[in-house]
Amino acid sequence: MEVIDRYVHAIGEHLPWNLRADVEAELRSLLLDSLEERARAEQRPPDPLLAEAVIREFGAPEEVAKRYLPQDQYLIGPRLFPAYQLAVKIALIVIAAASGGLFIAAIVGSAAGHREAPDLFAVAHTIWNVATGVFINLALVTLVFAIIERVQARRMATAPAWSPAMLPPVKDPDRPSQAGMVLEMYLILAVAVLFNFYPEWVGMGVVNGRVHLTSFLLPAFAAYLPLMNAFWASDFALHLIVLRQGRWRRETRAAELALGLYGAVILYLVITGPPLFRVDFLVKAILKAVFALVLIGSGTRLYRLLTRRP
Amino acid sequence: MVQAARRDSLRENLGLEFRRGALVLAVLSQLQQEEYGYSLKKALADRGLEIDEGTLYPLLRRLEAQGLLRSRWSLEDVRPRRYYRTSALGEAMQRDLAADWQSLARAMERLLR
């Protein structure tokens, strides 16, 4: 019966090669048994219509094939998924930082080459490189985790027995990581020192294959420094207070929110103000995106502040 | 209308969930003697347990892969057929699961009284 052969073949297509021939032979035999039985019950000879009724009851080929395969097949299973998510985040942060540097270098480099407008080809090329970098790195991370998943599945049988002592500590979002806070304070200081005392170092250009330190800040930028210094000083002080208290409290969370809004105001003034950068339109385009992120972040903080239980 | 459909779907899923475990015991209990897929399906149906073919046949393969069944091809019938029968491990497992089942059934009986 042709329809049965086609059905069995369609199921076989979804099965691994080592199972295929055997399962196909058995299914064909079983389907013919069912067909004969049904024809006997209905007192008519087996025909394609009856065969179709039998295989319809059996189910869609991919569904039937799935039942023959080992259960719980994952590319990356629930056991490894949190680590996979973390690795993806780290990879994205590293790529974003590296590509941010490349992007600025491309913009400033083309500006330092005394062109009237940035070299759009170089900028597009950089964006393409970043996109390919993101794709390849995420593919590599996924591949590594998929291999670990396979290896771990084999080791599961010999894994030590689970015990409550293995449970990870509960994450407390109000308890800051000391190392993280210290690193952030260091970065605030470094940025403040850079903008106040070494503005000529803000920016980096590649001209004729050689790296040049070229500030992309225009003199008008200095007018905004007092506002920024107040922001950095407040942020540094807030970090210091939280570090001394050992945890975020409602008051310090409110101060963090207020500081975020103050930062948004500074960004707004910079974006709407006179030209401040050598490639003003591009830097301001980036700052507009940062402004949107700051507003979203502040909205999220406000929501948490209003809805979180003490 | 939507609520009734949701209730039916939930009822079906929950029913399938507790039938799934019972099917293994049912199959092991009927394979003390050799049967092929279709004859086993009929034997179970004759005793009041209807099993969908798309569920039963893959289950036989899985139980065989777990060492609870053994099988052989027979070429003596009208067409080649694969016959299954419980292995020594399958027989021991059937006794253990039957004891578990009876204990559970007694507990459920008390709970639902």
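This is a predicted model: local features need pLDDT of at least 70, side-chain atom pairs count only at pLDDT 80 or more; totals for chains, interfaces and linings use all residues.
H1(B) gives the most to it, with seven residues. By class, the lining of this pocket has seven nonpolar, four polar and nine charged residues.

The structure holds one cavity of 30 Å³ or more, and the largest cavity contains about 40 Å³ of space. From chain A, its lining includes Glu26(A), Ser29(A), Leu30(A) and Asp33(A). From chain B, the lining includes Tyr36(B), Gly37(B), Trp73(B), Pro80(B), Arg81(B) and Arg82(B). Helix H2 (17-42) of chain A and strand E3 of chain B each supply at least two residues of the lining. H2(A) has the largest share, four residues. In the lining of the largest cavity, four residues are nonpolar, two are polar and four are charged.

Now for the place where the chains touch. In chain B, 18 residues are in contact with 18 residues of chain A. The area buried between the two chains is about 1,700 Å², and carbon and sulfur atoms give 48% of it. Which residues of chain B lose the most area to chain A? They are Tyr38(B), Arg61(B) and Arg79(B), together accounting for 35% of what that side buries.

Polar links also join the chains. Between chain B and chain A there are twelve residue pairs in polar contact, both residues being at pLDDT 80 or more. The elements that give two or more residues to the side of chain B that touches chain A are helix H2 (37-46), helix H3 (53-65) and strand E3 (81-86) of chain B. H3(B) gives the most to that side, with seven residues. By class, the side of chain B that touches chain A has seven nonpolar, three polar and eight charged residues.

Over all chains, the structure holds 21 salt bridges, and the count between chain B and chain A is seven. Here are two pairs that join chain A to chain B.

| Residue in chain A | Residue in chain B | N to O distance |
|---|---|---|
| Asp33(A) | Arg79(B) | 2.6 Å |
| Glu37(A) | Lys42(B) | 3.7 Å |

The side chains of Asp33(A) and Arg79(B) meet in a salt bridge. This pair crosses between chains, from Asp33(A) in helix H2 of chain A to Arg79(B) in the loop between strand E2 (69-74) and E3 of chain B.

How values were computed:
Residues are numbered from 1 along each chain as its sequence is written. Chains are lettered from A and ligands numbered from 1 in the order in which they are written. Side-chain values use heavy atoms; hydrogens and water are left out. Contact means heavy atoms within 4.5 Å. Buried area is the accessible area (1.4 Å probe) that two parts lose on being put together, summed over both. A salt bridge is a side-chain nitrogen of Lys or Arg within 4 Å of a carboxyl oxygen of Asp or Glu. A polar contact is a pair of N or O atoms within 3.5 Å; within protein, one must be able to donate a hydrogen and the other to accept it, and residues adjacent in sequence count only if both atoms are side-chain atoms. Ala, Val, Leu, Ile, Met, Phe, Trp, Tyr, Cys and Pro count as nonpolar, Asp, Glu, Lys and Arg as charged, and the others, Gly among them, as polar. On a 1 Å grid over the protein atoms alone, a cavity is a set of points where a 1.4 Å probe fits but cannot get out, and a pocket is an open set with protein on both sides within 12 Å along at least five of seven lines; lining residues have an atom within 4 Å of a point. Grid points are joined across faces, edges and corners, and a volume is the space filled by probe spheres set on the points.
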